[in-house]
Amino acid sequence: FCAPLLIAPLARWILGEKFRRMALWALAIGFVGILITVQGADMGSTDPRRLEGVLAGMGTAVLYALSLVLLRQVALKDDAVVTSFLGNLFPAVYLLIPAMFFRFAPALADIPVFAFTGIAGFILWLMLTHAYARAPAQSLAAAEYSALIWSALLGYAFFSEVPRWQVWMGAVVIVFAVLLAAWDGRRAETVSPPKPAA
């Protein structure tokens with residue numbers, strides 16, 4: 001959830017997007033919602049590889065933010081279906097080599113789950129491509145925080161994990177941040193350009 005904070009500066013650097021104050025406020029408010037949500041969670045770990053996990057998580061945040069900014073760059077020029085297809089095809093090709101090296105084949109009973117995951121991933125990238133083709137990256141970044149709300153609801157539905165009260169409090173803050181970013185994006189669209197001087 002550090003990734004949304006990185007999207008705005010990366011979009012400024014790569015795409016030349018101008019910082020919008022309200023969008024930056026929405027990102028900051030959403031991150032506060034994340035901090036509220038993790039309160040009360042069991043953070044203790046004696047795993048000697050914990051630091052490795054933390055570094056991998058931070059690296060993932062940077063790469064995910066970069067991939068979304070680059071998706072915005074591609075979505076402005078290319079068809080959403082082609083972009084989504086290639087966005088799923090290339091990782092499959094990249095992972096083919098280590099998959100062949102480790103020689104772990106999925107169980108036959110797991111094939112439908114893998115197929116569903118692939119279809120869901122394609123739909124995810126298709127929707128993301130449509131979104132990033134229509135709005136600046138910093139305007140959509142706050143919506144990334146809502147993944148925590150969905151994961152809490154899905155955890156309850158599939159694993160009977162009851163969200164802590166902090167999750168619900170954080171969810172309220174996150175929803176406010178997303179609505180603020182959406183309002184700011186809408187307001188930016190409706191502001192008419194200044195008339196040229198006579």
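Of the 198 residues of the protein, 26% count as buried, where buried means under 20% relative accessible area with a 1.4 Å probe and protein chains only. This is a predicted model, in which local features need pLDDT of at least 70 and side-chain atom pairs count only at pLDDT 80 or more, while totals for chains, interfaces and linings use all residues. Residues are numbered from 1 along each chain as its sequence is written, and side-chain values use heavy atoms, with hydrogens and water left out.

**Exercise 1.** Determine how many helices and strands the protein has.

*Solution.* Helices are DSSP runs of H or I with at least four residues, and strands are runs of E with at least two, numbered from the N terminus. The protein has eight helices and zero strands, and from the N terminus on its elements run α-α-α-α-α-α-α-α.

**Exercise 2.** Describe how helix 1 and helix 2 are placed relative to each other.

*Solution.* The axes, which are lines fitted to C-alpha atoms over the stretch in contact, with angles from 0 to 180 degrees between N-to-C directions, come within 9 Å for helix 1 (residues 3–15) and helix 2 (residues 21–37) and cross at roughly 165°. The two helices are therefore roughly antiparallel, a word for angles over 145 degrees.

**Exercise 3.** Find which residues of helix 1 and helix 2 meet, and classify them.

*Solution.* With contact meaning heavy atoms within 4.5 Å, Pro 4, Leu 5 and Ala 8 in helix 1 meet Leu 24, Leu 27 and Phe 31 in helix 2. The residues of this contact divide into six nonpolar, no polar and no charged, where Ala, Val, Leu, Ile, Met, Phe, Trp, Tyr, Cys and Pro count as nonpolar, Asp, Glu, Lys and Arg as charged, and the others, Gly among them, as polar.

Methods:
Parallel < 35°, antiparallel > 145°, perpendicular 65-115°, else oblique. Buried < 20%, exposed > 50% of the residue type's maximum accessible area, 1.4 Å probe, protein only.
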